[in-house]
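Work through the exercises below with the model open beside you. Try each task before reading its solution.

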Amino acid sequence: MTAVDTNSVMVGSSTSTSTDSGIIGYLNAWLMTSDHKRIGQLMVIFAVIWTVIIAVVGTLLAVERIDATSALVDSTSMLQLFSLFRVGLIFGVMAPLMLGVAVAIVPMQIGAQALAFSRGALFGVYIWLFGMVIVGASYIGNGGPGGGDTQMVDLFMLGMGLVIAGLIIVGACIATTVLTARRPGMTLAQTPIFAWSALVTSVSLVLTLPVMAGALVYLAIDHSYERVAFGGNEGIADWIGWALTAPQIFLLAIPTMGILAQVVDTMSRGRQPIRGGLLIGIGIMSAALIGPVTQSSYSLQTESLAEVAKSLAPFLLFNVLPILGALIVLALCLLAIKKEKVELDAAFVPAFVGVGMVLTGMVGNAAQRINNFELANTVFEEAVLVYIGYGVVLSALGALAYFGPKLWGRTMPASQVIGLGLLGLLGVVLAALPYYIAGFAGQPASSASGFDYSGPTWLWNLVSAVGHAIFTLVVIAFIGLAVKSFRSGTIENDAVINSSLETATVN
Amino acid sequence: MNISANALNAGPQASARRQVLVLTGLLSAASAMLVGSMLAIWLQFRANAPLRTSSDGSKMLRDWLPTNTKIPEVATNTMMITIVITCIMAQWAIYSARRSDFKHTSLALSVVLLTEVALINAQLAVYLQMNIGIRDGSYMLMFYSVTATMLALIVFGMGFTLLTLFRSFAGRLGDRDLMSAHGLYWYSLAVIFAAMWFVVYVQK
């Protein structure tokens with residue numbers, strides 16, 4: 001692992017405050033901290049809470065669809081739940097999980113004394129959190145895209161604006177740290193691979209989220225006044241829908257590659273044969289950012305040869321090229337494992353499984369964008385999101401198991417981390433795979449009742465509900481395990497070996 | 001919880017390399033993407049506007065800019081010139097600060113502040129002279145959205161100038177990172193404004 005401790009320098013005053021002033025001082029030390037480890041942990045904690053909420057919503061949505069002829073929840077609420085699942089998974093789970101881990105770890109990896117503009121980053125975390133609370137409240141009050149309550153829809157757009165602003169600020173702080181605060185002598189090419197992936201993701205978010213913000217400004221003003229130009233509340237999903245699907249969500253999955261490569265880097269003692277290839281692979285994935293900035297998704301039109309020729313290049317660029325990047329990273333990781341006699345790190349399992357799920361989702365996205373398959377507006381799209389979103393969560397759990405000892409000084413039990421990783425794999429596959437099948441059968445997206453198609457409709461939805469439920473339990477179990485381990489687990493005794501900066505440089 | 005009891009000691013002190021400048025560059029890029037996306041939607045709406053016959057009946061026009069709406073070109077062109085002047089003054093401040101010239105740095109930043117007030121004043125004058133309601137149609141709604149976003153970026157820049165000016169008054173001329181970042185922000189804002197000026201005020 002490539003990390004140095006910056007905590008002793010940055011939180012000395014905060015720690016003393018906590019012991020001096022009891023609970024108030026303790027809270028103050030956490031909530032007003034400028035220590036990047038604590039800021040990152042705050043973001044991860046809130047994101048994990050959102051993960052549990054979203055996984056429960058996913059379970060509810062699948063349960064509701066088991067019997068397509070009856071409805072437990074009224075149709076208006078169902079639409080809001082579908083929207084909440086998508087928005088929450090992307091902006092409440094994927095983005096903050098990855099950025100939170102990066103905030104906590106990246107400064108240590110590059111030998112920086114602190115996160116650049118750490119108070120700004122803390123401000124960003126609070127803006128994001130406040131925005132997500134507002135978004136959640138607006139959904140409860142029948143807001144959100146297509147919502148029936150005018151004021152709540154306005155509140156939704158305000159909340160989304162805050163969420164975007166918060167993520168941009170945090171992303172800008174991470175990118176600035178990597179670009180300006182590397183230890184003397186460390187070039188960008190020598191940057192630890194996770195820090196590199198965090199840089200790529202951060203810059204990508206700084207460039208793409210403002211595009212969504214621009215659309216939101218129009219939507220908010222239109223909704224407040226005229227409600228004609230942008231279609232009022234019904235138009236929201238049309239105008240910001242591109243930000244809630246691929247290739248935008250690929251950008252949030254980039255750090256999963258960095259986490260896996262970092263774990264493998266330690267397992268192979270930094271002897272990655274083609275380290276530059278990892279940087280290139282991760283860089284290639286960021287090609288996806290060109291898609292979102294055009295505010296569109298790109299499909300392969302197969303009606304005629306001319307249509308194919310016209311749509312092939314953008315289809316390959318935005319949907320297939322990121323897969324190539326992910327495959328390069330995966331192949332190089334496996335090559336390093338094969339070449340060196342490695343000892344399995346427990347964090348490898350959730351990290352590897354997470355990348356596998358992300359890759360499955362990316363391949364599914366490419367298939368979904370081929371018009372001939374007629375998968376648009378089916379549950380196939382939801383399955384793609386679940387594969388990528390839950391894959392990111394699994395990867396983040398791997399990151400916590402891997403980097404946790406550097407944050408808390410204690411390790412997690414390997415067998416339980418591996419077990420939860422494999423159980424998480426089962427949960428994701430059960431939650432998403434049935435909807436790949438149901439998508440081909442024509443089960444409509446964002447619809448809980450009134451659909452029928454040949455095949456065991458109830459079975460796919462039941463299996464998916466079980467998968468979501470398993471995943472929810474995995475996340476909760478991991479939280480319990482992490483809290484127990486990091487409070488009273490085995491003390492990390494090879495910190496010097498695993499934390500040496502040498503592994504950050506090319507061997 | 002024994003935080004980092006077994007972790008390594010802090011690494012060697014790394015010199016922060018122009019952190020404010022890099023952060024400003026990133027946020028300037030974000031601002032460019034924000035306004036750029038709004039202009040892209042503006043152009044999309046304009047391209048999709050229905051066709052109508054011109055008043056003399058000789059050609060077909062896009063029914064985008066309402067016929068009774070006049071854009072005050074003197075004020076908008078003055079804004080474009082003013083923002084260029086702002087950039088020159090910001091560069092003057094950087095030049096003076098490098099030579100530890102307190103008087104000229106403060107003077108240059110004060111002029112920057114003045115031009116920013118002029119920009120806001122000009123924008124308000126444009127609103128008053130156009131006298132259109134935000135509810136009157138798509139064009140009006142989008143016009144106010146784009147220009148108000150630009151105005152917000154200018155107001156943010158004004159805060160940036162005030163911060164730089166206060167630090168200059170406090171004698172911290174050695175903080176060239178901040179001064180350069182201030183200049184970079186205004187250069188990028190000038191480019192963003194130029195794009196908006198061309199699309200909204202020139203091409204309409």
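The exercises that follow concern a predicted model, and they cover helix packing, the nonpolar core, loops and backbone geometry.

**Exercise 1. Classify the packing of H2(B) and H3(B).**

Solution. 
- Step 1. Locate the helices. H2 of chain B covers residues 73-98, and H3 of chain B covers residues 102-130.
- Step 2. Take the geometry. The two axes come within 8 Å and cross at roughly 165°.
- Step 3. Apply the cut-off. Angles over 145 degrees count as roughly antiparallel. H2(B) and H3(B) are therefore roughly antiparallel.
- Step 4. Assign the hand. The crossing of H2(B) past H3(B) is left-handed.
- Step 5. Sort the contact by class. The contact of H2(B) with H3(B) holds 18 nonpolar, 10 polar and one charged residues.

**Exercise 2. Classify the packing of H15(A) and H17(A), and list the residues that meet.**

Solution. 
- Step 1. H15 of chain A spans residues 379-408, and H17 of chain A spans residues 457-488.
- Step 2. Their axes come within 11 Å and cross at roughly 5°.
- Step 3. Angles under 35 degrees count as roughly parallel. So H15(A) is roughly parallel to H17(A).
- Step 4. On the H15(A) side, the residues are Tyr390(A), Val393(A), Leu397(A), Leu400(A), Gly404(A) and Trp408(A). They meet Phe471(A), Val475(A), Phe478(A), Ala482(A) and Phe486(A) of H17(A).
- Step 5. By class, this contact of H15(A) with H17(A) has 10 nonpolar residues, one polar and no charged.

**Exercise 3. Describe how H5(A) packs on H10(A).**

Solution. 
- Step 1. The axes of H5(A) and H10(A) are 9 Å apart, at an angle of about 35°.
- Step 2. H5(A) and H10(A) form a left-handed crossing.
- Step 3. H5(A) supplies Ile90(A), Met94(A), Ala95(A), Met98(A) and Ala102(A). H10(A) supplies Ile249(A), Leu252(A) and Pro255(A).
- Step 4. The class count for H5(A) with H10(A) is eight nonpolar, no polar and no charged residues.

**Exercise 4. Which residues of the largest nonpolar core touch the most other members?**

Solution. 
- Step 1. The core has 234 residues. Val103(A) and Val428(A) touch the most other members.
- Step 2. Ask where the core comes from. Helix H5 of chain A, residues 75-109, gives the largest share, 23 residues.
- Step 3. Trace Val103(A). Set aside its neighbours within four places in sequence. Val103(A) then contacts His36(A), Ile39(A), Gly40(A), Met43(A), Leu115(A), Ala121(A), Val170(A) and Ile174(A).

**Exercise 5. Is each of Ile110(A), Ala114(A) and Phe117(A) buried or exposed, or in between?**

Solution. 
- Step 1. Ile110(A) is in the loop between H5 and H6 of chain A.
- Step 2. Count neighbours within 10 Å. Ile110(A) has 30 C-beta neighbours and is therefore buried. Ala114(A) has 18, so it is partly exposed. Phe117(A) has 20, which means it counts as buried, since the cut-off is 20 or more.
- Step 3. Beyond four places in sequence, its contacts are Val178(A), Ala181(A), Arg182(A), Arg183(A), Met186(A), Thr191(A), Pro192(A) and Ala195(A).
- Step 4. Ile110(A) and Ile127(A) are 17 residues apart in sequence, and their C-alpha atoms are 27 Å apart. Ala114(A) and Ala181(A) are 67 residues apart along the chain, with their C-alpha atoms separated by 8.3 Å.

**Exercise 6. Which backbone values stand out at Phe117(A), Ser100(B) and Pro247(A)?**

Solution. 
- Step 1. Recall the background. Most residues other than glycine have a negative phi, and most peptide bonds are trans.
- Step 2. Phe117(A) is not a glycine, yet its phi is positive, about 55°.
- Step 3. Ser100(B) also has a positive phi, near 55°. Ser100(B) sits in the loop between H2 and H3 of chain B. With 10 C-beta neighbours inside 10 Å, Ser100(B) is exposed.
- Step 4. The peptide bond from Ala246(A) to Pro247(A) is cis, with omega near 5°. Pro247(A) is in the loop between H9 (232-240) and H10 (248-267) of chain A.

Note on methods
Residues are numbered from 1 along each chain as its sequence is written. Chains are lettered from A and ligands numbered from 1 in the order in which they are written. This is a predicted model: local features need pLDDT of at least 70, side-chain atom pairs count only at pLDDT 80 or more; totals for chains, interfaces and linings use all residues. Axes are lines fitted to C-alpha atoms, for helices over the stretch in contact, and angles run from 0 to 180 degrees between N-to-C directions. Helices (H or I, at least four residues) and strands (E, at least two) are DSSP runs, numbered from the N terminus. Angles under 35 degrees count as roughly parallel, over 145 as roughly antiparallel, 65 to 115 as roughly perpendicular and the rest as oblique. A crossing is left-handed if the near helix is turned anticlockwise from the far one by less than a right angle, and right-handed if clockwise. Ala, Val, Leu, Ile, Met, Phe, Trp, Tyr, Cys and Pro count as nonpolar, Asp, Glu, Lys and Arg as charged, and the others, Gly among them, as polar. A nonpolar core is a set of buried Ala, Val, Leu, Ile, Met, Phe, Trp, Tyr and Cys residues joined through C-beta atoms within 7 Å. A residue is buried if 20 or more other C-beta atoms lie within 10 Å of its own, exposed if 12 or fewer, and partly exposed in between; C-beta atoms are placed from the backbone. Two residues are in contact if their C-beta atoms, placed from the backbone, lie within 7 Å.
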